[in-house]
Amino acid sequence: MAYIQRGKEDMGKPLLTVRIARWSAEHPWRAIGAWVLFVAICVGAGTFAGTKQADFDDNPKGELATYQSIVDESGFDHPATENVLISAREGDLDENRAMAAAADVRSGMDALSGVGPVSEPVPSPKGTAVLVNVELTGEADSAEERVQPLLDTTASVQERYPDLRIEQVGGASLDKALNATLGEDFQKAELISVPVTLLIMLVVFGALIAAGVPVLLAMSAVGTALGLSALVSHLIPATDNTSSMILLIGMAVGVDYSLFYIRREREERAKGAGHVDAVEIAAATSGHAIVVSGIAVTVAMAGMFVVNDLVFSSIAVGTILVVLAAMIGSITVLPALLAKLGRWIDKPRIPLLWRLSMRNKGEPRFWRAVLRPSLRRPKTTLVVSGGILVALAIPAFGMTLNAPSEADLPRSIPIMQSYDRMTEAFPSKGASHEIAIRVPADQVPAARTAVDDLLSRIAADDEFAQDQPPEVDEAAGGRIFLVSAGIPYDGGSAEADRSLEQLRTVLLPQTVGKVAGAEFGVSGETAGENDFVGSMNDALPWVIGFVLLLTFLVMLWAFRAPVIALSAIGLNLLSAGAAYGVLVLVFQHTWAEGLLGFTSTGGITAWLPVILFVTLFGLSMDYHVFVVSRIRESALSGLSNRDAVAAGITRSAGVVTSAAAVMIGVFSIFGTLSTIDMKQLGVGLATAILLDATLIRAVVLPALMTVLGSSNWWAPRWLRGRSSATSPAEPRVLEPVG
């Protein structure tokens, strides 16, 4: 039996990962062909089915649910509207010239099919601009697909009036421009992440084929997950961030799993094992660790379902699919590739890098030196290193959450500059509070009086935009009123929050609220952001509890050692806290704006703490399972606890460092993207992995395990099960864990 022997006793069949690896190694072309076919089917099916994008009105909560219920009953469908802004490039606006341009805009728009009413030109209160409103016919949700002819018309008028600035801004044109930018960002991340990962793999392996195999497997896992997530999107609609998260997690996890497997197979071949035997040993050790890690990552990502929000459910589906695809590929097709390639895996060699990779074999002196304080003075090292992490985590207690808004979008996008000019001239065209009111049939007269009172109060309140009166629509025979009240602030600002509070707690209760049986709800950008942040604050403790509990159970199942499971959770909490603290220091302040190319919003994107927590907890299991498995393997072979810690850390240090370099490289790319939420995600994850792979795994973990000694492996009798020798206290057997 080629996998690690369990001793003289018959311990039953080899592990499932070994049986799969043996079949794949004996039937390589079947395994490779099956994987290629599986990936092709997933990609093809996803392309054919298409991706259903999320409509956030599908799962409203609280007051937003009341608002949506009233809007649905009204049957009123707000058409998509585009705005054409005409202003002077320099100096004062020539009114006659602006009106002539507006007339050309109107005639051009009227000539287009799919265009509804085109408004008369409206001068701004200060006379600095003129606005023309254009309605599109058809479904508002699909207006983005039909807005290009309007943009072309606006551009043609601009050519005829070079002295004026003529620009179009609306929901459809904004979506079109932003989606193009996000798409370019995704392509940028994809194009950069692959060569960066390949370069790191070349340094690790020193050979082109060995470097290329992990990258190809990771890319195939990403493609598989993208295809499958497109299919699942018809049940759980996808969001804009889903594909980015699939790429982010897929490249990191896919390369890591292959790296663990290939490095162990290489190690066994260097000891004299044949190709198939080396593959089976890798399957029994690293392969089994990959399965444990994959389950741990999946469990952590499933924590996002606890939020019960479309954004998180979509990201959870995408990340779980890509982790499972990477895990399955690593234990099925990778053994076939290794068996088929044989020593060709180390060809063609890159001379300098090959010598460097060969020099890094064994137990490098560098890691012995790093470990020395943890082994000689473990208590002191634990206190100092733990204190550093706690100090980094302290700023996290001052974290402020805010939801993404137009203010967070980069002003390098031309349409955002147009948006700013439009809202400066016409504040009512920016953020607004959307109010839905429903009353019983016998209260219609009283409701009309109350709505008039509400409108008069809004008109007298400087917290609301006064350049144009609120839009009011009446439906259901006067039982339903839909009011759109603009505000002269960015939707995510403190001033906007104040106006929302005034509307919800004073204006509506004192007017509409006095009508018997009246219901009302406020929606809009500000209301959505406030309610979203509130739901994140409510959900985060439940997510943390869910992930901690299930991660503990997974680690308990994997190692049958409660102390190991608890220490894994404690170390990951330290790492997450430190990452949160660094995130606050970087993004809630302004000192790093020039370095990372962003404008601070004074807070952290509301969804980020949940995403960062579950992702970090999942990805950290890669390292923790792998490192602790090597320590446990050394302890089971008869080494003392201190020597086992030293051997396990030094033998796994190279692969953990390489895996961390891949993750940090990929995550850092996301820190260069346009939107601030992606920057925060990339910086947060890169920081967390850097801390986890260095301070946590190379200093805190060995110090903690040295202090705990044999207590690391203590297990109650009921947990030991049939194989009581899972504890190194009884080193009669050597189980294939990692």
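Q: Leaving aside its neighbours within four places in sequence, which residues is Met 201 in contact with?
A: In this predicted model, Met 201 contacts Gly 206, Ala 211, Pro 214, Val 215, Val 255, Leu 259 and Val 662, with neighbours within four places in sequence left aside.

Q: Which residues have the most contacts inside the largest nonpolar core?
A: Met 201 is one of them, together with Tyr 261, Met 304, Phe 312, Tyr 623, Phe 667 and Leu 681. The core itself has 166 residues.

Q: And which helix gives the most to this core?
A: That is helix α22, residues 676–708, which gives 18 residues.

Q: What does the second, separate core include?
A: The second core has 24 residues, among them Val 130, Val 147, Leu 150 and Ala 172.

Q: Turning to helix packing, at what angle do α2 and α7 pack?
A: Helix α2 (residues 28–49) packs on helix α7 (residues 208–232) at about 40 degrees, and their axes are 7 Å apart. The two helices are therefore oblique to each other.

Q: Is the crossing of α2 and α7 left-handed or right-handed?
A: The crossing in which α2 passes α7 is left-handed.

Q: Which residues in α2 meet which in α7?
A: From α2, the residues are Trp 35, Phe 38, Val 39, Cys 42, Val 43, Ala 45, Gly 46 and Ala 49. They meet Leu 217, Ser 220, Gly 223, Thr 224, Gly 227, Leu 228, Ala 230 and Leu 231 in α7. By class, this contact of α2 with α7 has eleven nonpolar residues, five polar ones and no charged ones.

Q: What about α16 and α17: how far apart are their axes?
A: The axes of helix α16 (residues 494–510) and helix α17 (residues 525–559) are 10 Å apart, and the packing angle is about 90 degrees. That angle makes α16 roughly perpendicular to α17.

Q: Which residues meet there, in α16 and in α17?
A: Ala 496, Asp 497, Leu 500 and Arg 504 in α16 meet Thr 526, Ala 527, Asn 530 and Asp 531 in α17. By class, the contact of α16 with α17 has three nonpolar, two polar and three charged residues.

Q: A change of topic: what is phi of Asn 308?
A: Phi of Asn 308 is near 60 degrees, which is positive in a residue other than glycine. Asn 308 is placed in the loop between α9 (275–302) and α10 (310–341).

Q: Is Asn 308 buried or exposed?
A: Asn 308 counts as exposed, at 54% relative accessibility.

Q: And where is Ala 476?
A: Ala 476 is in the loop between β8 (471–475) and β9 (480–486). Although Ala 476 is not a glycine, it has a positive phi of about 55 degrees. With a relative accessible area of 37%, Ala 476 is partly exposed.

Q: Which residues does Tyr 161 touch, not counting those up to four places away in sequence?
A: Tyr 161 touches Arg 97, Ala 100, Ala 101, Asp 104 and Ile 166. Tyr 161 lies in the loop between α5 (148–160) and β5 (164–170), and at 8% relative accessibility it counts as buried.

Q: Lastly, how far apart in space are Asp 152 and Met 621?
A: From C-alpha to C-alpha, Asp 152 and Met 621 are 52 Å apart, and they are 469 residues apart in sequence. Asp 152 is in helix α5 and counts as partly exposed, at 44% relative accessibility.

Conventions: Residues numbered from 1 in each chain as written. Predicted model: local features only at pLDDT ≥ 70, side-chain atom pairs only at ≥ 80, totals over all residues. Heavy atoms only, no water. Axes fitted to C-alpha atoms, helices over the stretch in contact; angles between N-to-C directions. Helix = DSSP H or I, 4+ residues; strand = E, 2+ residues; numbered from the N terminus. Parallel < 35°, antiparallel > 145°, perpendicular 65-115°, else oblique. Contact = heavy atoms within 4.5 Å. Nonpolar A, V, L, I, M, F, W, Y, C, P; charged D, E, K, R; others polar. Left-handed = near helix turned anticlockwise from the far one by under 90°. Core = buried A, V, L, I, M, F, W, Y, C linked by side-chain atoms within 4.5 Å. Buried < 20%, exposed > 50% of the residue type's maximum accessible area, 1.4 Å probe, protein only.
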